[in-house]
Amino acid sequence: MERALYTPDLGYYSGDRQPFGPKGDFVTAPEISPLFSRCLARQYVQIAENNPQASILEIGAGSGQMACDMLLALANHHLLPTQYFILEKSKSLQHRQKQKLAQQCPQYHDRVRWIDALPTAGFKGMIVANEVLDAMPVHRFQIQKDQAYELRVVENAGQLVEQSFPWDHACVVPFIARAQSQHWPSPYSSELNLGLKPLMQDLSACLKQGIILLIDYGFPASEYYHPDRFMGTLMCHHRHKAHTHPLMAPGLHDITAHVDFSAVAEAAQTAGLELLGYTNQAAFLLGCGIHADANAAGTHAALASAKEQVIQHHALQQLLSPTEMGELFKVIAFGRGVDTALMGFDWLDLQHKL
Ligand SMILES: C[S@@+](CC[C@H](N)C(=O)[O-])C[C@H]1O[C@@H](n2cnc3c(N)ncnc32)[C@H](O)[C@@H]1O
């Protein structure tokens with residue numbers, strides 16, 4: 001998965017492909033409407049108001065749309081971040097982000113700095129990552145007759161094929177007991193993200209004061225490792241169609257896995273971060289005032305075309321509806337040195353589910 005997504009020049013995110021938007025393979029929330037990024041901007045304002053040194057650090061900035069929309073929104077709030085850092089693994093996406101910022105908000109370009117690694121300490125402000133955790137490589141495992149296996153990719157007569165190998169790594173052993181007690185079907189396949197712990201340790205070391213917001217699709221562990229989900233969550237995307245064959249076109253199709261938010265919370269808390277909130281995307285956006293913002297834009301749009309109003313209505317539907325992104329997508333927040341209750345979790349806090 002790491003190689004298929006990130007091999008320089010050849011990986012899905014590292015090549016010339018345009019993954020995002022209607023002409024790409026999938027659409028992310030910042031691409032749907034600036035209303036999404038403006039909610040994140042308001043959440044930033046809440047924690048940065050009394051902190052003139054605050055910055056933003058975006059991990060995995062995709063097309064750069066969220067950076068543009070947040071900077072434009074924060075300029076309206078008269079609270080531009082000291083710096084807007086972007087940590088982007090793909091060189092080709094870095095290039096696209098620079099182009100987009102130069103086109104859409106050249107006046108703030110000098111605030112944006114691309115970095116190759118997380119700062120090792122002293123960051124103040126907001127760290128944000130939308131749909132980055134689902135793009136982290138996962139290990140696939142299978143539980144069959146009280147034995148755990150790792151599902152590896154091997155080459156056989158010039159073809160990539162999946163092959164299982166007995167696996168006794170400490171991370172998978174607890175699943176054997178779980179399979180017995182919860183009567184999982186056999187074989188039961190799923191995924192584990194072994195990169196979460198190191199990531200959370202790095203984020204914790206980096207953050208001196210402020211918040212970390214992670215937004216992605218997924219579930220708490222009880223729903224993720226549910227008996228009914230016996231095929232796991234690994235999915236591929238190509239031209240807005242989803243499939244489950246990751247070896248079909250490595251480097252050409254997106255490969256992703258849902259996020260186990262209980263594991264995210266555990267890794268962060270073990271790394272010394274405080275859990276500040278966990279909710280679904282709809283509740284987060286409502287808590288951050290998406291409706292008032294849309295209404296204001298709608299009043300303005302009353303002078304504009306009916307087409308723009310329909311587009312905005314559709315965007316709200318996509319972002320908020322439980323049958324679209326509203327419920328499957330979650331927002332989790334961690335922090336250090338923050339004593340304000342975050343507005344994004346005012347409507348609904350689901351921490352008890354983790
Ligand atoms: C699914 S895209 C989401 C892009 C964007 N955040 C959005 O919502 O449209 C995943 C992004 O994360 C980047 N990425 C994945 N792992 C990363 C890492 N460890 N460090 C920095 N960027 C990463 C990818 O290159 C890509 O830009």
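Helices (H or I, at least four residues) and strands (E, at least two) are DSSP runs here, numbered from the N terminus. With that in hand, let's walk through this structure, which is a predicted model: local features need pLDDT of at least 70, side-chain atom pairs count only at pLDDT 80 or more, and totals for chains, interfaces and linings use all residues. Residues are numbered from 1 along each chain as its sequence is written, and side-chain values use heavy atoms, with hydrogens and water left out.

**Backbone features in two loops**

Most residues other than glycine have a negative phi, and most peptide bonds are trans. His78 is not a glycine, yet it has a positive phi of about 55°. You will find His78 in the loop that links α4 (65–76) with β2 (84–87). Pro187 belongs to the loop between α6 and β8.

Two strands pair if DSSP finds at least two bridges between them. By that rule, four strands make an open sheet in the order β7-β6-β5-β8, with antiparallel pairing. At its edges are β7 (159–166) and β8 (188–192), each of which pairs on one side only. From one strand to the next, the twist averages 35°. Angles such as this run from 0 to 180 degrees between N-to-C directions, and the axes are lines fitted to C-alpha atoms, for helices over the stretch in contact.

Inside this sheet, β5 (residues 139–144) and β6 (residues 147–156) are antiparallel and share five bridges. Gln142 stands opposite Tyr149 in β6. On to the next pair: β6 and β7 also run antiparallel, joined by eight bridges, and Leu151 faces Ser164 in β7 as its opposite residue. These two strands, β6 and β7, form a hairpin with two residues between them, and Ala157 in the turn has a positive phi of about 50°.

Helix α6 (residues 173–181) lies across β5, β6 and β8, at about 45° to β5; contact here means heavy atoms within 4.5 Å.

**The three-stranded sheet**

Another open sheet has three strands in the order β11-β10-β12, with antiparallel pairing. Because β11 (241–243) and β12 (254–256) stand at the edges with a single partner strand each, one side of each is left without a neighbour in the sheet. The twist averages 30° from one strand to the next. Strand β10 (residues 235–238) runs antiparallel to β12, and three bridges join them. In β12, Thr256 is the bridge partner of Met235.

**Around the ligand**

The ligand is surrounded by 18 residues, and the closest are Tyr6, Thr28, Gly60, Glu88 and Asn130. A residue counts as near if one of its heavy atoms lies within 4 Å of the molecule. By class, this shell has 10 nonpolar, five polar and three charged residues. Ala, Val, Leu, Ile, Met, Phe, Trp, Tyr, Cys and Pro count as nonpolar, Asp, Glu, Lys and Arg as charged, and the others, Gly among them, as polar.

| Residue and atom | Ligand atom | Distance |
|---|---|---|
| Gly60, polar backbone atom | nitrogen | 2.7 Å |
| Glu88, polar side-chain atom | oxygen | 2.6 Å |
| Asn130, N or O atom in the side chain | oxygen | 2.7 Å |

The protein covers 91% of the 590 Å² of accessible area that the ligand has on its own, with areas from the Shrake-Rupley method and a 1.4 Å probe.

Methods
Polar contact = N/O pair within 3.5 Å; in protein donor to acceptor, adjacent residues only side chain to side chain.
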